[in-house]
Amino acid sequence: MFRSKFVAAATLAAAFTFHSPLAAQDNPVVAKVGSVEIRKSDLDTAIANLSAQYQQLPDEQKTVAALSQVIDIKLVAKKAEDAGIQNSDDFKQRMVFLKERELHNAYLRDQFDKLKPEEVKARYDKEIAAMPKEEEVHARHILVKTEDEAKDIIKQLDAGKDFIELAKAKSEDSSKSDGGDLGYFTKGRMVPEFEEAAFSLAKGSYTKTPVKSQFGYHVIKVEDKRNAQPPAFDQVEPQVRQIVMQEKYSSIIDEAKKAQKVEIVDENLRKGYDELTKSE
């Protein structure tokens, strides 16, 4: 469900990891570099930006790694300031970009924080309503090596023998201990020969001739038929929330483009940009 949307939404969510500002009493000084204080909030920011390799560490080691990174940054930043790097055109240009990126992220955080639970639930309901109905069957089977064995089992079923007991006694499939129970499945989950036979059976009936597949010979019984059940809201709520976030992000960008004209002078870049935005 929503597979392609999940991918895009998860990417968006990963791009914007936010942390609420800490109150002063919750933001103690943890270290100093010269006269510069390093606070807990500095560590939290550093932890959020650690590489994937460091993110796998236990919390204590991860915090120490973040502290080491912050100390190194402040030590070298002081040397950079002493060298006047902050006055270079390249540095100023980079700072403009970083400022705008942080404004972009802060605005999105504000918008995403305003998402209401009922918005997410409504989006879930919309997706469920649009899903096509798909039949699924609940089947059991008995798997044997030869056609004659399968025919003999069918004769015993015709004589009134219990399917579950025969499965436990005769089947060579791993499901034998469960009486051959395969649970519910939709089309595309089983090999073609098995699937065709199972979906053609009426509820409560079994195959009157053996069904051959690459695994051997099957005797199949259908216990139930129904429309496939959609996932419960609680199971997919995080994914649906990400879909709503992705759609809200797209809406924000569309509104901003209407308010401010975007003009790409370089023809090759314009073509590439147009192709990219059309595919999103």
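Modeller: With the elements themselves: helices are DSSP runs of H or I with at least four residues, strands are runs of E with at least two, and both are numbered from the N terminus. On that basis Ser175 sits in the loop between α8 and β4. Bear in mind that this is a predicted model.

Biologist: Is Ser175 buried or exposed?

Modeller: Buried means under 20% relative accessible area. Ser175 has a relative accessible area of 7%, so it is buried. Beyond its neighbours within four places in sequence, Ser175 is in contact with His141, Gly180, Asp181 and Leu182.

Biologist: Which residues of helix α8 are buried?

Modeller: The general idea is that an α-helix has 3.6 residues a turn, so residues three or four places apart point the same way. In α8, residues 163-170, the buried residues are Phe163, Leu166 and Ala167. Viewed down the axis of α8, these buried residues fall within an arc of 105 degrees, so they line one face of the helix.

Biologist: What covers the buried residues of α8?

Modeller: The cover includes β3 (135-144), α7 (147-158) and β6 (216-227). As for its placement, α8 lies across β3 and β6 and runs at about 45 degrees to β3.

Biologist: What is found at the start of α8?

Modeller: There, a side-chain oxygen of Asp162 comes to within 3.2 Å of the backbone nitrogen of Ile164.

Biologist: In what order do the strands of the sheet come?

Modeller: Two strands pair if DSSP finds at least two bridges between them. Here four strands make an open sheet, ordered β4-β3-β6-β5, with antiparallel pairing. The edges are β4 (181-186) and β5 (211-213); each has a single partner strand, so one side of each is left without a neighbour in the sheet. On average, neighbouring strands of this sheet are turned by 45 degrees against each other, direction ignored.

Biologist: How many bridges join β3 to β4?

Modeller: Four bridges join this antiparallel pair. In one of them, His138 has Tyr184 of β4 as its bridge partner.

Biologist: Which strands does α7 touch?

Modeller: α7 packs on the sheet and touches β3 and β6, its direction making about 45 degrees with that of β6.

Biologist: What does the UniProt record say about this region?

Modeller: An unreviewed UniProt entry carries the annotation "domain: PpiC" for residues 134-224. Over residues 134-224 the chain is 32% helix and 31% strand, and the end C-alpha atoms lie 14 Å apart.

How values were computed: Residues are numbered from 1 along each chain as its sequence is written. This is a predicted model: local features need pLDDT of at least 70, side-chain atom pairs count only at pLDDT 80 or more; totals for chains, interfaces and linings use all residues. Side-chain values use heavy atoms; hydrogens and water are left out. Buried means under 20% relative accessible area, exposed over 50%, partly exposed in between (1.4 Å probe, protein chains only). The arc is that of the directions from the helix axis to the C-beta atoms. Contact means heavy atoms within 4.5 Å. A polar contact is a pair of N or O atoms within 3.5 Å; within protein, one must be able to donate a hydrogen and the other to accept it, and residues adjacent in sequence count only if both atoms are side-chain atoms. Axes are lines fitted to C-alpha atoms, for helices over the stretch in contact, and angles run from 0 to 180 degrees between N-to-C directions. UniProt positions are given in the numbering used here, feature names are shortened, and annotations may be inferred rather than shown by experiment.
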